[in-house]
Amino acid sequence: MVRMRFLDIIEKKKNKLTLSDEEIQFWIDGVTDGTIPDYQTSALLMAIVLNGMDDHETAKLAEAMMNSGHVMDLSSIGGIKADKHSTGGVGDKTSLALGAMVAACGLKVAKMSGRGLGHTGGTLDKLESIRGFNCFLTEDQFKIQVQEIGLAIIGQTGDLVPADKKLYALRDVTATVNSIPLIASSIMSKKLASGANTILLDVKYGEGAFMKTIEDAKILAQAMISIGKRLGRNTIAMITDMDQPLGNTIGNALEVQEAIETVRGKGPKDFTELCMRAGEIMLVQGQLASTKEEARRLLEEAVSSGRAFEKLAQMVQYQGGDLEQIKNTDLLPKAKYVTEIRSREAGYISRIHSMQLGILAMKLGAGRATKSDSINYAVGLKMAVKKGDKVEEGDLLCRVYHDGDLTQDWLEDMYRSFQYSDDKQEPIPIVEAILGE
């Protein structure tokens with residue numbers, strides 16, 4: 001048998017030809033064991049960015065990456081196991097509230113999450129603002145917890161999808177991040193390796209999201225749905241708005257507090273609706289409801305009865321977190337100072353620059369500019385307005401929770417995060433479309 005030459009694979013994609021399953025597997029094997037040098041992989045990555053991959057190639061790439069390390073087997077857990085993934089945004093604390101709501105309805109939620117980097121926050125960082133919370137259970141502990149209480153959120157284990165870690169590090173320094181096949185296969189390889197039967201994707205679009213337009217978000221969603229379905233997973237995607245922060249809070253302890261308020265039925269309207277719409281899909285996927293209407297009733301009852309809050313508290317207790325901080329959110333980390341930002345003009349709020357607000361929160365210490373940065377769990381922003389709201393000069397726009405001084409440049413960037421109009425603009429629906437049903 002003639003051994004493949006990686007040079008020929010690069011040449012093939014350079015000439016816009018389709019790679020075979022064997023060629024993709026050869027590449028990922030070589031990435032994983034180090035036999036293919038970084039410069040050759042970088043060349044192929046650029047060829048993929050320029051010339052794309054078809055649905056079959058993309059699914060095969062995701063499968064090969066999934067199998068590059070340990071694949072979690074959740075078959076010992078009874079029932080359908082569900083997972084949910086967000087492509088990331090500003091103020092996105094959905095996993096905390098949604099996981100508790102659907103688990104309170106009987107769904108088994110086995111979720112692996114990541115840390116935040118740049119203007120988007122990470123679920124693990126939010127959970128670790130709860131004193132003692134342990135995001136790194138063993139696989140056996142993870143499975144036992146999902147079996148016993150129906151909900152666990154942990155960090156990704158080191159031996160899951162090692163090929164993706166190597167490829168992403170290269171993509172980051174070779175301007176090859178922005179490619180639908182590479183993004184879709186990266187996300188889905190991790191979701192597939194996590195072992196769940198059903199996957200709900202929350203694909204965000206807008207200024208505060210990775211995908212800036214709804215068209216690009218739909219293309220990415222369809223690519224991920226195609227991968228999931230080709231590999232035997234029930235996969236559905238929601239396309240959701242990230243042209244303003246989700247809910248009212250940006251920052252770790254502040255977002256935990258808002259998630260707790262939401263599972264108690266007192267959350268912001270937009271965030272509550274997103275959780276309800278996502279929960280409807282997940283309960284139908286998990287065969288716990290036959291229609292979305294039935295699922296909505298189950299979710300509303302889980303919230304109103306207190307069972308959703310009890311489920312969140314149970315997860316925190318199982319993972320070593322301080323239960324008193326969940327029962328009394330005033331005990332969560334607190335910033336030294338609170339500064340009110342008030343409007344300098346009157347009019348209707350026409351734009352809220354969510355990416356800018358995410359960066360401003362990061363500069364306070366709520367996020368990381370680099371992976372080695374530490375997090376200040378107490379700091380962040382609490383919004384007082386949404387797009388379409390009418391404000392007068394002097395009205396409250398935002399509260400800033402901070403430990404250090406706010407510079408004049410920081411404050412000016414904060415004021416510039418809000419734009420005004422003389423005319424009221426109708427808000428965009430929080431869920432723009434649902435694909436894959």
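Two strands count as paired if DSSP finds at least two bridges between them. Strands themselves (E, at least two residues) and helices (H or I, at least four) are DSSP runs, numbered from the N terminus. The model looked at here is a predicted one, where local features need pLDDT of at least 70, side-chain atom pairs count only at pLDDT 80 or more, and totals for chains, interfaces and linings use all residues. Residues are numbered from 1 along each chain as its sequence is written, and side-chain values use heavy atoms, with hydrogens and water left out.

On one side of E11, strand E9 (residues 380-383) is joined to it antiparallel by four bridges; Gly-380, for example, has Tyr-401 in E11 as its bridge partner. Strand E7 (residues 337-342) also runs antiparallel to E11, and six bridges join these two. Along that pairing, Glu-340 stands opposite Arg-399, while Ile-341 has Cys-398 as its bridge partner.

How well covered is E11 (residues 396-402)? Six of its seven residues are buried, where buried means under 20% relative accessible area, exposed means over 50%, and partly exposed lies in between (1.4 Å probe, protein chains only). Cys-398 counts as buried because its relative accessibility is 0%.

Cys-105 counts as buried too, at 17% relative accessibility. So what about disulfides, meaning pairs of cysteine sulfur atoms within 2.5 Å? A search of the whole structure turns up zero of them. For Cys-105, the closest cysteine sulfur is in Cys-275, and at 12 Å that is too far for a bond.

On a 1 Å grid over the protein atoms alone, a cavity is a set of points where a 1.4 Å probe fits but cannot get out, a pocket is an open set with protein on both sides within 12 Å along at least five of seven lines, and lining residues have an atom within 4 Å of a point. Grid points are joined across faces, edges and corners, and a volume is the space filled by probe spheres set on the points.

The second largest pocket has a volume of about 400 Å³. It is lined by 19 residues, and Gln-244, Lys-269, Asp-270, Lys-386 and Pro-427 are the closest to its centre. Helix H12 (residues 269-285) gives the largest share of this lining, three residues. Domain 2 and domain 3 both give residues to the lining, so the pocket lies between them.

As for cavities, the whole structure has two of 30 Å³ or more. The second largest cavity comes to about 40 Å³, and its lining includes Lys-84, Val-109, Ile-153 and Met-282. Helix H5 (94-103), strand E2 (108-113) and strand E3 (151-155) each supply at least two lining residues, with the largest share, three residues, coming from H5.

Definitions and conventions. A disulfide is a pair of cysteine sulfur atoms within 2.5 Å. Domain bounds come from an automatic or database domain assignment.
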